Amino acid sequence: TSGSYRLGVHEPGADIDTICVAPSTCDKIDFFTTMKAKLLAHKDVTNLNSVETAMVPIITFDWEEVNIDLLFARLNVQSIPPSLDIDDDMVLRGVDSATEKSLNGPRVTNLLAKLVSGTPERYQSFLTVIRCVRKWAKARGLYSNKMGYLGGVNFNIMVVMVCQLYPNASAASLLRKFFLVYKRWRWPDP
């Protein structure tokens, strides 16, 4: 999984971003035929849509009314070991750009979590601030990559940076610092 679900900041009704990691013996056609057929045949799956021409191969569906975005990643190996370390850069060796983009989700999510995981309290402060910032942005109609605004990963990165700037701050202090830092930011400079 990746995104808000993996971080632990998902809300009711949010989708779950998942990735089907396959060996080189499987390809995109298998994903959109065999996997899609198995999902369509399952009694708990509804609202299935596949986007075969997207930059990242994806099948979206509801599983018992929970929306799932299933991405496809094809590794350059004969079999997928149970101990696969998705954060190891070696998994990217010889993969196509669609697989690289699919794997980017959990890899970035793991990296962000790692950057704020000094203590359980620190990680909880990060989660609290993320939830508050997301609610703030959604309440103002500013939370949408599709509409040209910042989305989940963008806000996650911004909050991680504030957590790194103020590693011992409480959640309330971090939230205040978040708005102070980005109010003074020289947009659009990176």
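**Entry 1: ground rules**

I am working with a predicted model, in which local features need pLDDT of at least 70 and side-chain atom pairs count only at pLDDT 80 or more, while totals for chains, interfaces and linings use all residues. Residues are numbered from 1 along each chain as its sequence is written, and side-chain values use heavy atoms, with hydrogens and water left out.

**Entry 2: the whole chain**

I began with the secondary structure and found 6 helices and 4 strands in the protein chain, taking helices (H or I, at least four residues) and strands (E, at least two) as DSSP runs numbered from the N terminus. Along the sequence the pattern reads α-β-α-β-β-β-α-α-α-α. The C-alpha trace spans about 50 × 35 × 35 Å along its principal axes.

I then looked up burial, where buried means under 20% relative accessible area, exposed over 50%, and partly exposed in between (1.4 Å probe, protein chains only). Of the 190 residues of the protein chain, 37% count as buried. The chain exposes about 11500 Å², and carbon and sulfur atoms supply 56% of that area; accessible areas come from the Shrake-Rupley method with a 1.4 Å probe, and for residues only the protein chains shown count as cover.

For contacts, I use heavy atoms within 4.5 Å. Among the contacts in the protein chain with a separation of 6 or more, 53% come from residues 24 or more positions apart.

**Entry 3: helix α3**

I noted that helix α3 covers residues 97-115, has 19 residues and reaches 26 Å from its first C-alpha to its last, close to the 27 Å expected at 1.5 Å a residue. The expected span of a helix is 1.5 Å times one less than its number of residues.

Where does α3 bend? I found a bend of about 35° at Asn-104, with a proline, Pro-106, following within four residues; the bend at a residue is the angle between axes fitted to the seven residues ending there and the seven starting there.

The buried residues of α3 include Ala-98, Ser-102, Leu-103, Pro-106 and Leu-112. I see the buried residues of α3 packing against α1 (3-7), β1 (16-22), β4 (66-74), α4 and α5.

**Entry 4: helix α4 and Ser-125**

I went on to α4, which has 20 residues and reaches 29 Å from its first C-alpha to its last, close to the 28 Å expected at 1.5 Å a residue. Among its buried residues are Tyr-123, Phe-126, Ile-130 and Val-133, and what covers the buried residues of α4 includes α1, α3, α5 and α6.

Ser-125 has its place in this helix, which runs over residues 120-139. I asked myself why Ser-125 counts as buried, and the reason is that its relative accessibility is 13%. Not counting residues up to four places away in sequence, Ser-125 touches Ala-169, Ser-170, Ala-171 and Leu-174. Just after α4, I noted that Gly-141 takes a positive phi of about 70°.

**Entry 5: helix α5, Val-162 and Leu-165**

I looked next at α5, with 14 residues and a reach of 20 Å from its first C-alpha to its last, close to the 20 Å expected at 1.5 Å a residue. Its buried residues, including Phe-155, Met-158, Val-159 and Cys-163, pack against α1, α3, α4 and α6 (171-183).

Which residues does Val-162 contact, leaving aside its neighbours within four places in sequence? I listed Leu-174, Lys-177, Phe-178, Val-181 and Tyr-182. Val-162 counts as buried because its relative accessibility is 1%.

**Entry 6: Lys-28 in helix α2**

Finally I looked up Lys-28, whose place is in helix α2 (residues 28-41). Lys-28 is partly exposed, with a relative accessible area of 38%. Apart from residues up to four places away in sequence, Lys-28 touches Glu-52, Pro-57 and Phe-72. Lys-28 and Leu-75 are 47 residues apart in sequence and 12 Å apart in space, C-alpha to C-alpha.
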